[in-house]
Amino acid sequence: MIEAMMTRHSIRSFSNESLQKKRELIDQICRESIKGPLGHSIELLQVSPQELQKRGIGQLATFGVISGSANYLFGIIPDTRAGLVNYGYAIEKAAIALWKEGIGSCWLGGMFKKQKLEALYLMKGQRVIPAVLAIGMPHEEKSFVERIVKIATRPADRKPLTELIFDRDFQQPLKIKPDSKWETVFTCVQRGPSARNAQPWRIVKEYNYYHFYLETKDETEMNRIDMGIAICHFDLARLELEIEGSWHVRRPLEDPRYRYFITFVREK
Ligand SMILES: Cc1cc2nc3c(=O)[nH]c(=O)nc-3n(C[C@H](O)[C@H](O)[C@H](O)COP(=O)(O)O)c2cc1C
């Protein structure tokens with residue numbers, strides 16, 4: 001999974017090849033991706049272009065952001081903070097596993113017909129479909145819209161680790177040993193996708209605790225999904241590198257500029 005996290009980038013131009021033959025594989029990846037460190041599991045659903053057509057939605061993505069033949073993955077979740085973090089974790093885990101199998105994807109938080117999809121799938125109650133993942137076989141040539149989005153979000157750009165990972169408080173960047181396991185874990189977090197490529201996550205290391213924060217004044221649904229994605233990248237990398245530990249909610253350092261989410265406690 002580490003290699004896939006290091007190389008994955010968003011794909012918005014898909015070929016016209018149907019994913020019908022890969023449906024079994026995708027369903028299996030969905031089943032394996034549903035549990036995040038916060039405990040709740042999420043059912044991931046898959047919808048094909050034919051099904052969307054039949055149900056009167058047509059193209060789910062808006063503004064022509066997705067071209068070619070795309071299926072969509074999504075879940076139906078309670079509209080809570082933990083629900084959104086779990087959502088980010090579960091769908092990102094699927095996106096990474098799909099990339100390993102040569103299937104490209106792009107998160108869509110705003111550019112999809114949310115109300116129409118929710119009208120089709122939601123029962124009554126406080127449940128939402130906050131974002132979807134467009135998936136398909138990557139097309140060699142990028143569409144015009146994809147090129148524009150890439151210029152606007154500058155996806156290759158990631159903040160340096162010195163702006164993301166801190167030592168005990170938010171004053172000191174953490175000194176990371178080159179070529180260490182931890183450098184790999186933090187680089188996987190750094191590579192994570194985020195809405196508008198904002199990369200709002202911050203980690204503060206305190207002894208064997210790794211506290212996850214969001215840098216924001218106004219926490220949004222998308223920010224919470226971004227946090228789930230960062231937690232997912234950290235967790236998949238540390239599991240592959242056999243770093244033992246577990247996730248807990250603590251009450252660490254308070255700072256008005258940051259919102260605390262969760263702590264990874266490494267076993268000594
Ligand atoms: C929660 C979330 C929502 C996103 N929503 C959109 C979207 O509505 N439209 C879009 O084109 N890209 C969307 N993206 C993709 C990001 O723009 C992209 O991941 C980021 O710019 C980094 O680029 P990369 O994934 O190619 O590395 C979203 C990503 C995340 C994580």
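Visitor: Why does Asn-197 count as partly exposed?

Guide: In this predicted model, Asn-197 has 17 C-beta neighbours inside 10 Å. A residue needs 20 or more to be buried and 12 or fewer to be exposed, and is partly exposed in between. Asn-197, with 17, therefore counts as partly exposed. Asn-197 sits in the loop between helix H7 (181-190) and strand E8 (201-206). Its phi is positive, about 55°, although Asn-197 is not a glycine.

Visitor: What makes Tyr-207 buried or exposed?

Guide: Tyr-207 has 9 other C-beta atoms within 10 Å. The limit for an exposed residue is 12 or fewer, so Tyr-207 is exposed. Tyr-207 lies in the loop between E8 and strand E9 (209-215). Tyr-207 is not a glycine, yet has a positive phi of about 55°.

Visitor: How do you know whether the chain is as compact as a globular protein of that length?

Guide: Begin with the contents: the chain holds eight helices and 11 strands. Its radius of gyration is 18 Å, and the globule rule gives 18 Å for 268 residues. The two values are close, so the chain is as compact as a globular protein of that length. The C-alpha trace spans about 55 × 40 × 35 Å along its principal axes. Of the 268 residues, 40% are buried. Among contacts with a separation of 6 or more, 78% are between residues 24 or more positions apart.

Visitor: Why is strand E6 called mostly covered?

Guide: E6 runs over residues 132-136, and five of its five residues are buried. Each of them therefore has 20 or more other C-beta atoms within 10 Å of its own. Both faces are covered. Val-132, Ala-134 and Gly-136 are on one side, while Leu-133 and Ile-135 are on the other.

Visitor: What makes E2 and E6 a pair?

Guide: Three bridges join strand E2 (residues 71-75) to E6 in the antiparallel sense. Pairing takes at least two bridges, so three are enough. Leu-73 stands opposite Leu-133 in E6. Strand E4 (residues 104-108) also runs antiparallel to E6, with five bridges between them. Gly-104 has Gly-136 in E6 as its bridge partner.

Visitor: Which parts of domain 1 touch domain 2?

Guide: The chain is divided into domain 1 (2-149) and domain 2 (161-266). Their centres, taken over C-alpha atoms, are 24 Å apart. The contact takes 20 residues from domain 1 and 22 residues from domain 2. On the side of domain 1 that touches domain 2, helix H1 (2-7) and helix H4 (81-100) each supply at least two residues. H4 gives the largest share of that side, 10 residues. That side divides into 12 nonpolar, five polar and three charged residues.

Visitor: Which residues touch the most other members of the largest nonpolar core?

Guide: Leu-73, Ala-94 and Val-132 do, in a core of 72 residues. H4 gives the largest share of this core, 12 residues.

Visitor: How do you know where this core lies?

Guide: Domain 1 (2-149) and domain 2 (161-266) both give residues to this core, so it lies between them.

Visitor: What is Ala-94 in contact with, leaving aside neighbours within four places in sequence?

Guide: Ala-94 is in contact with Ile-29, Cys-30, Ser-33, Leu-44 and Leu-73. Leu-73 is itself among the core residues that touch the most other members.

Terms used. Residues numbered from 1 in each chain as written. Predicted model: local features only at pLDDT ≥ 70, side-chain atom pairs only at ≥ 80, totals over all residues. Helix = DSSP H or I, 4+ residues; strand = E, 2+ residues; numbered from the N terminus. Rg over C-alpha atoms; globule rule 2.2 N^0.38 Å. Contact = placed C-beta atoms within 7 Å. Domains from an automatic or database assignment. Nonpolar A, V, L, I, M, F, W, Y, C, P; charged D, E, K, R; others polar. Core = buried A, V, L, I, M, F, W, Y, C linked by C-beta atoms within 7 Å.
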